[in-house]
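Colleague: Could you take a close look at the aromatic rings in this predicted model, and at the helix contact that goes with them? I would like one connected account.

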Amino acid sequence: MSDRPSDKIDALPPLRDVIKSYGLDAKKSLGQNFLFDLNLTGRIARAAMPLDGTVIEIGPGPGGLTRALLMAGAEKVIAIEKDRRAIEALGSLVIAAEGRLEIIEGDALEVDIKTLGEAGKRRQIVANLPYNIATGLLLNWLDDLDHLDAMTLMFQREVGQRITAEVGGAAYGRLAVMAQWLCQVRSVFDIPPQAFVPPPKVTSSVVQLIPREQPLANADKTCLEDVTRALFGQRRKMLRSSIKTLKIEGLLDGLALSGDERPERLHIEDFCAIAEALRQSRLSNCK
Ligand code: SAM
């Protein structure tokens, strides 16, 4: 008998059989598009290396990516899953993982990820996200970056493009500004629809976000959110016109901006400068 821990995981029934045995037919309402291809799940796990400390996985489903993370040597995987059927289906993987896998039944939107794993150890999120809540989850985690070392996440490609978009591009908007202000982002690779069961309508992208030691520029998060909402809410308008939504006179005074710019031409540092001016005016209006 071999004592390699991954042998027990390797010996588990194929995922298709697990799905059949537990009646885990994919539910659209839960964004269930399962990934069986070991090459692809292995690539995601390798992109997330090092896998020491805690890997938080959202939506393990039948456990394809979970298996890959464990096989790649993850020290501890804590997986949050909403679907009771999947939790039952994961029972044999929990046993095979010999203490390295913990499953939490619940809604990932409500779980406080900073309470998971051991404080002081590496903590990262790796997931093939349910697409209907993917952006909401990411925005929540942007508030918890002090407690995260990395996120390696699969999105619909269009959302991935909105996260990694560069200034001037059509996909450049609020999500790019907020994510890149706080994280270094990179697109890792795309996965075609036919790799999933059932296939979704769109291509998917794995995106990696690594929290920056310091945000790209000084700004208050609420003010930056308000500024990006106001300006990208009227993408076609020039800055001097869209800024009026914030209802504060003279916000651009003293900034190196003419007012003729459209939001997709503004760099993250520009949005931060406007957010800082907004913060100052709000402060002085309170006095
Ligand atoms: N990780 C699996 C894979 O790659 O094959 C399944 C990924 S599937 C795209 C999304 C998973 O998230 C499903 O297992 C689904 O049940 C789960 N899920 C959906 N909404 C959830 C929520 N609010 N909280 C936790 N898990 C959720």
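Modeller: In this predicted model, the count of aromatic pairs comes to two. In one of them, the ring centres of Y172 and F232 are 5.9 Å apart and the ring planes stand at 80°, so this pair is edge-to-face, the angle being over 60 degrees. Because Y172 belongs to the loop between α8 (157-164) and α9 (174-182), while F232 belongs to helix α10 (residues 221-232), the pair ties together parts that lie 60 residues apart in sequence. Y172 and F232 are buried.

F232 also pairs with F271: here the centres are 5.2 Å apart and the planes are at 25°, so the rings are stacked. This pair, too, links distant parts of the chain, since F232 is in helix α10 and F271 is in helix α12 (residues 268-286), 39 residues apart. Like F232, F271 is buried, and the ring pairs join Y172, F232 and F271 into a cluster.

Turning to the two helices themselves, the axes of α10 and α12 come within 8 Å and cross at roughly 115°, and the crossing is right-handed. On the α10 side the contact is made by C223, L224, D226, V227, T228, L231 and F232, which meet F271, C272, I274, A275, L278, R279 and R282 of α12. By type, the residues of this contact divide into ten nonpolar, one polar and three charged.

Notes: Residues numbered from 1 in each chain as written. Predicted model: local features only at pLDDT ≥ 70, side-chain atom pairs only at ≥ 80, totals over all residues. Heavy atoms only, no water. Phe/Tyr/Trp six-rings, centres within 6.5 Å; stacked < 30°, edge-to-face > 60°. Helix = DSSP H or I, 4+ residues; strand = E, 2+ residues; numbered from the N terminus. Buried < 20%, exposed > 50% of the residue type's maximum accessible area, 1.4 Å probe, protein only. Axes fitted to C-alpha atoms, helices over the stretch in contact; angles between N-to-C directions. Left-handed = near helix turned anticlockwise from the far one by under 90°. Contact = heavy atoms within 4.5 Å. Nonpolar A, V, L, I, M, F, W, Y, C, P; charged D, E, K, R; others polar.
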